[in-house]
Amino acid sequence: MLLSPTDLFFRGRQAGSMNVVLQSVDGTCYIKDVIVTIDPGALQSKLAELMPEESRIRVRSAEKSIVLTGEISDALKLDDVMSLAMAYGADGKKVVNLMRVAAPQQVMLEVKIAEVSKTLLDRLGARVGLQRTASGGLNTYSLISNFLSGGGGLVEALRIGRASISIDGQKDDGLVRILAEPNIMSISGQQASFLSGGKIFIPVSQNSNGRAGSTITLEEKEFGIGVKFTPTVLNGGRINLKMISEVSDLSQTGSPFTTVGGATAVLPSLTVRRADTTVQLNDGQSFVIAGLIKSNSTETVKRYPGLGEVPVMGALFRSTEFQNDQTELMFVITPRLVRPLGDSPRVPTDNHVVPSRAEIYLNGSLESSTPAPVAPGSDTQ
């Protein structure tokens, strides 16, 4: 649109570029380039209003794209800026992220895993026996032959003539503690994992593209003590932590199945205890995940028919067994913000000096009495 003899108005319908050829009265031609882009001022103003502390973010435009450049303080705010930019990038507009995080935070996760398994077993039984002497030796006849548990606490309580009363009592307590204390490092926003255990291979049947029969492949399964966590450092040193902890071990009993040809095989099975949680806490604070994973109680009473039901005296003709199994799993998690060391760290082997032959043979020394040489520029304290 020609507004005046010297003014020309162009209205851009979409982002792009073009050129215009203009001819003056004297016949001279001029070529002018016209570039239409997205206005970055609206997003720049909104970022200054909502995030005034992030003053190093620059919004630019390139064709149909919004380009974010500059520096941002942490990864969490980077996600917020990208979400806001996507709102301005509708209608086919793209958002290009060229920003960099100023100082990515590194998080060290201190994990203590403890499993307590307690087993309590109580047994109490009795037996009444009658002995007689026969020619050729001593024969023992028991009134209840397969009644007692046969434990290590079998004693003879009373003997009158050829009659005897035996009492069997047994009490077992078991306590098992399985501890692991892994330390894992990760950058804010990145996942890290730890596994202390092993791997087993389980056969899996696969179809052979519709043909008769099948193909057996081995599927890998991991077991042991494993930790996966994703930390995100927030403002004020707070840490958003998503963590998955798992303790698994091979079960004593597997899963039997029948293979081709009628043969019976046993597949290994795993006992798994897993905790999946997301928490927020400050640097150096700890949280504990604990709970009673398993509690089994079993009580068995064996009695001689009729005699075991008699009051008072029936205790001599019955046996009682009580078993209680409890398993508890506990995770103690402590995230810490860490920084790289400026100097090379000292290790215990730095002060070790190999002894000479004379010190080995004459003094039996495993380490030389001569102090280790100090490296130039190192700290001697």
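Which residues make a nonpolar surface patch of about 580 Å²? The patch is made by Leu 2, Leu 8, Phe 10, Met 18, Leu 22 and Tyr 30. By patch I mean residues with over 30% relative accessible area and no salt bridge, where like charges are joined within 9 Å and nonpolar side chains (Val, Leu, Ile, Met, Phe, Trp, Tyr) within 5 Å.

Before I continue, a word on the source. This is a predicted model, in which local features need pLDDT of at least 70 and side-chain atom pairs count only at pLDDT 80 or more, while totals for chains, interfaces and linings use all residues. Residues are numbered from 1 along each chain as its sequence is written, and side-chain values use heavy atoms, with hydrogens and water left out.

Let me turn to the protein as a whole. Its secondary structure comes to 3 helices and 21 strands; helices (H or I, at least four residues) and strands (E, at least two) are DSSP runs, numbered from the N terminus. Of the 381 residues, 24% are buried. Here buried means under 20% relative accessible area, exposed means over 50%, and partly exposed lies in between (1.4 Å probe, protein chains only). The accessible surface comes to about 25800 Å², and 53% of that surface belongs to carbon and sulfur atoms. Accessible areas come from the Shrake-Rupley method with a 1.4 Å probe, and for residues only the protein chains shown count as cover. Among contacts with a separation of 6 or more, 60% are between residues 24 or more positions apart, contact meaning heavy atoms within 4.5 Å.

Leu 8 is found in strand 2, residues 7-8. Leu 8 counts as partly exposed because its relative accessibility is 40%. Met 18 has its place in strand 3, residues 16-23, and is also partly exposed, with a relative accessible area of 44%. What does Met 18 touch, not counting residues up to four places away in sequence? Met 18 touches Lys 32, Asp 33 and Val 34.

Next, the helices. The axes of helix 1 (residues 41-50) and helix 2 (residues 75-88) come within 11 Å and cross at roughly 145°. These axes are lines fitted to C-alpha atoms, for helices over the stretch in contact, and angles run from 0 to 180 degrees between N-to-C directions. The crossing is right-handed; a crossing is left-handed if the near helix is turned anticlockwise from the far one by less than a right angle, and right-handed if clockwise. From helix 1, Ala 42, Leu 43, Lys 46, Leu 47 and Leu 50 meet Val 81, Leu 84, Ala 85 and Tyr 88 of helix 2.

Tyr 88 deserves a separate remark. This residue of helix 2 is partly exposed, with a relative accessible area of 29%. Leaving aside neighbours within four places in sequence, Tyr 88 is in contact with Ala 42, Leu 43, Lys 46, Ile 66 and Lys 93. Tyr 88 and Ile 38 are 50 residues apart in sequence, with 9.9 Å between their C-alpha atoms.

I close with charged pairs. Side chains of opposite charge can pair when their charged atoms come close. The structure holds 10 salt bridges, a salt bridge being a side-chain nitrogen of Lys or Arg within 4 Å of a carboxyl oxygen of Asp or Glu.

One of them joins Arg 336 and Glu 110, whose closest N and O atoms are 3.0 Å apart. The pair links distant parts of the chain, 226 residues apart, with Arg 336 in strand 21 (residues 318-338) and Glu 110 in strand 9 (residues 106-134). Arg 336 is partly exposed at 32% relative accessible area, and Glu 110 is partly exposed at 25%.

Glu 246 and Arg 274 meet in another salt bridge, at 2.7 Å from N to O. Glu 246 lies in strand 16 (residues 238-250) and Arg 274 in strand 19 (residues 270-282), so this pair ties together parts that are 28 residues apart in sequence. Is Arg 274 buried or exposed? Arg 274 counts as exposed because its relative accessibility is 54%, whereas Glu 246 is partly exposed at 22%. Beyond residues up to four places away in sequence, Glu 246 touches several residues, including Gly 226, Val 272 and Phe 331.
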